[in-house]
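Here is a short note to read beside the model. Keep the structure open and find each residue as you go.

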Amino acid sequence: MAVTEAPQPRTYGNFRKPRTSGLRGLSLGATLLLFAGLVAVVLATLVSIWAALGLAVALAVLTAPLAVRDRHGRTLMQRGAVRLAWWRTTSSGGHLYRSGPLGRAGYGTCTLPGLAAGSTLTEAQDGYGRPFAVISIPSTGHHSVVIACDADGAALVDERQVDTWVAHWGQWLATLGAEPGLVAASVTVETAPDTGVRLQQEIAANSVADAPDLATAMLREVLAAYPAGSAQITTRIALTYSGAARPGSPRRSADDMAVHIGTRLPGLTAGLSMTGAGTAVPMTATELAEAVRVAYDPTVAPLVEEARATGGSGLTWDEAGPMAAQEAWDHYRHDGAYSVTWAMTEAPQGEVFSNVLTGLVQPSRDIARKRVTLLYRPHTRAEGARVVQQDYKNALFTAQQSQIGQARDDAEVTAARRTTEEQAQGHGVIRFGLLITATVNSAAELATAAAAVDNLAPAARIAVRPVYGSQSAAFAAALPLGLVLPLHTALPQTVRDAM
């Protein structure tokens, strides 16, 4: 009699943070500075021992901020740069924002603050004739489109079906590396209290005047009890395209990019059908303006839903921002709400299951409104091959520095070699990050929301830290606006790599 073994649950992993090519965890710039300083100290000993001692002390002072790291991997130099940037921001009043009739921004309008201040919104039609909104960021020359998804959820779904969804999602992400002009993508899962407006409108539309008293009483009870404690979950995918066809070429206009994106949208939305994302349709200009307006002022959510049921709110992009906003070191106040944003500093270690982020994206009773945003920056096939090969060389170099091999270094070499093999077989290579934004109604609730996130993050096998000194920028990046944060930093890329 043959015995059939139950299939083992599939696991996922090998999330790698590329290692530096420096000595003992130092960056390449810090390693070169250290070697140059040691040579100078040796040469100084030929002149004076005191001069050599002075150079050695100066070298230690210069390299210590580049070598000492905290538990999240940030050097003292990076932390000092953040403190300096925050001091400059508060000194110039850059952490304050006022709009509307008494504000100075936009001549009486409520434009978006911070990184999205100069953004514009246009609307076009894709290949299927569906209207879609295009967000243009002039500072970077990027144009973004947002896709709204009606995710099916994994409740009462067979494990094999979930594995199929994950496989197709990985394939969809891998195709982004070959998407012409695409530079970034993001997935935002937002949970918020259900206002009950949709249920009320649904009952009103399907009720008749001569309904039985028992049915009418039951519907009244449902209408009064159901919205309490229920949540509304929305999923949005933002795709960001570069206005330049190739590096160094002239930027294309928003109308040209709308035509380019419109021809790509049907295939992209069709590819999401097998990923568990449900019905995927591009968001219109009004829908996107409403979503951003509610994010900055959650108290208008019932009004927006009521207006949407009667034909649309008519919100424009100049009205989507807050009336007032003020950034603090560890939180962000916008209109009548307070928000804190955390950034992932360490991806899940080891092997995880497909539901590793389920608890993180689910509604939380301690957080009024929560957004979990995954940020993706795909590599092309040529870039991916170069990145994984360099990462393998760096891991091998680090493992060879110690005379007695360490198990962690050997595991890093094995994982890097496995990554190169998978990339050679056609798998995509993509950079990713994660932002968590918790929005509450009062400052007293910030501590409770922080405790909730501190409990949810370890369950998701990730390490997070608040984005100190950049809460406004992190809040905007967690919205489906298509912002690419590395291109908005004050320091050049080469300097950040050296640090």
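1. Y332 is buried, at 3% relative accessible area. Buried means under 20%, exposed over 50%, and partly exposed in between (1.4 Å probe, protein chains only). F475 is buried too, at 0%.

2. This is a predicted model: local features need pLDDT of at least 70, side-chain atom pairs count only at pLDDT 80 or more, and totals for chains, interfaces and linings use all residues. Residues are numbered from 1 along each chain as its sequence is written, and side-chain values use heavy atoms, leaving out hydrogens and water.

3. A search of the whole structure gives 7 aromatic pairs. Rings of Phe, Tyr and Trp (its six-membered ring) pair if their centres lie within 6.5 Å; planes under 30 degrees apart are stacked, over 60 edge-to-face, the rest tilted. One of the pairs is F15 with F432, edge-to-face, at 5.8 Å between centres and 70° between planes. F15 sits in the segment before α1 (28-44) and F432 in strand β12 (residues 430-440), 417 residues apart. F15 is partly exposed at 35%, and F432 is partly exposed at 34%.

4. How are the rings of Y332 and F475 arranged? Their centres are 5.4 Å apart and their planes meet at 55°, so the pair is tilted. Y332 is in strand β9 (residues 332-334) and F475 in helix α14 (residues 471-478), so the pair ties together parts 143 residues apart in sequence. Helices (H or I, at least four residues) and strands (E, at least two) are DSSP runs, numbered from the N terminus.

5. H260 lies in helix α7 (residues 254-271). H260 is buried, at 17%. Beyond its neighbours within four places in sequence, H260 contacts P180, Y241 and R252 (heavy atoms within 4.5 Å).
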